[in-house]
Amino acid sequence: MKSMKNWMWSVLVFVLTLIIVIVFNVPFLIFLFVVIPLLIIAFTYGSFNYSFRRTLKPESIPGKGYATRIKDLDLDVKKLESLGFQKRDDFYLRMIPDTIVYVLKHKEESIYLCLYHLGAKKTCDFFTRYNNEYTLTTCNTVDGGMTPRPEKSLLQIITNVSHKQIFEIHKKAHKFLFDKGFRQYDIAEQEFQQYFLKNIHDYADYVRKYAFWPVLLIFWTIIRRGRVYCKEIETQYKEGSLELSGV
């Protein structure tokens, strides 16, 4: 299966829309308020199910067409080495958009760092797993919190700051959780890809539990729902938007 890039979906949407207009001679108002919304919902449904399909698996980074992305990520890795991170793995995901993932791990802490290059932009996740099935993720994009999350999947979003600042905020949240009784639970390096993929599938299954989830995905994207996570974990807890149970 070839990778599906954003521009491919854009062309497909344009062609399908053009066919509908020409062949069915749809009145403008119906086209504007009925056909277009239905197309958006259909392509949201299709792109989500493609990206989070059960057959998705980490692959080797293709040899052609990705040199610029690789070079960009390699530069980030060099900068992150000064923070104690070392690259442990890399792989390619045939999603929308297609994504290169670099996996780094801290030399002393049980903290993983995933760098994502999506072609048009880069994002990152600092990630720690705990022995009570909780996880803590600190990411740098509001898109990372577009949907609701399972109770034990903690998220804080910190935008427009350096990797070093995000790392410090992640450690601060970890200390807060440690004081609440949380203990780190490491992930064996050889098991990380499997664990990473399981989290992706669990996330997709959780989203699909919502009735009319494609419509909700569009709504959550429009209102930029991820802003609710643009607070540090301790602040979320003190404000009552976060519960820590079963510790």
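Is Asp179 buried or exposed? Asp179 counts as exposed, at 54% relative accessibility. For the cut-offs: buried is under 20% relative accessible area, exposed is over 50%, and partly exposed lies in between, with a 1.4 Å probe and protein chains only.

Some ground rules before I go on. This is a predicted model, where local features need pLDDT of at least 70, side-chain atom pairs count only at pLDDT 80 or more, and totals for chains, interfaces and linings use all residues. Residues are numbered from 1 along each chain as its sequence is written, and side-chain values use heavy atoms, with hydrogens and water left out.

Now the sheet. Helices (H or I, at least four residues) and strands (E, at least two) are DSSP runs, numbered from the N terminus. Two strands pair if DSSP finds at least two bridges between them. Here we have an open sheet of 6 strands, in the order 1-2-3-4-5-6, with mixed pairing. Strand 1 and strand 6 (153-157) are at the edges, each with a single partner strand, so one side of each has no neighbour in the sheet. On average, neighbouring strands are turned by 20° against each other, direction ignored. Axes are lines fitted to C-alpha atoms, for helices over the stretch in contact, and angles run from 0 to 180 degrees between N-to-C directions.

Two helices pack on this sheet. Contact means heavy atoms within 4.5 Å. Helix 4, residues 163-179, touches strand 1, strand 2, strand 3, strand 4, strand 5 and strand 6. Its direction makes about 25° with that of strand 4. Helix 5, residues 192-208, touches strand 1, strand 2, strand 3, strand 4 and strand 5. The direction of helix 5 makes about 55° with that of strand 1.

Let's take strand 2, residues 99-106. How many of its residues are buried? 8 of 8. Thr99, Val101, Val103 and Lys105 point one way; Ile100, Tyr102, Leu104 and His106 point the other way. In a regular strand, side chains alternate between the two faces of the sheet.

What about its partners? Strand 1 (residues 85-93) pairs with strand 2 in the antiparallel sense, over 8 bridges. Tyr92 has Ile100 as its bridge partner in strand 2. The two strands form a hairpin with 5 residues between them. On to strand 3, residues 112-117: strand 2 runs antiparallel to it, joined by 6 bridges. Leu104 stands opposite Leu113 there. Again there is a hairpin, through 5 residues.

Further along, strand 4 (residues 122-129) and strand 5 (residues 135-139) pair antiparallel over 5 bridges. Thr128 stands opposite Leu136.

Last topic: salt bridges. The cut-off is a side-chain nitrogen of Lys or Arg within 4 Å of a carboxyl oxygen of Asp or Glu. The structure holds 16.

One of them joins Lys122 and Asp76, at 2.8 Å, N to O. That pair links distant parts of the chain: Lys122 in strand 4 and Asp76 in helix 3 (residues 67-80), 46 residues apart. Lys122 is partly exposed at 32%. Asp76 is buried at 9%.

Back to Asp179. Its side chain meets that of Lys175 in a salt bridge of 3.2 Å, N to O. They are 4 residues apart in helix 4, so about one helical turn separates them. Lys175 is exposed too, at 52%.

In helix 5, Asp205 and Arg208 are 3 residues apart, again about one helical turn. Their salt bridge is 3.6 Å, N to O. Asp205 is partly exposed at 30%. Arg208 is partly exposed at 28%. Salt bridges with shared partners join Arg54, Asp205 and Arg208 into one network.
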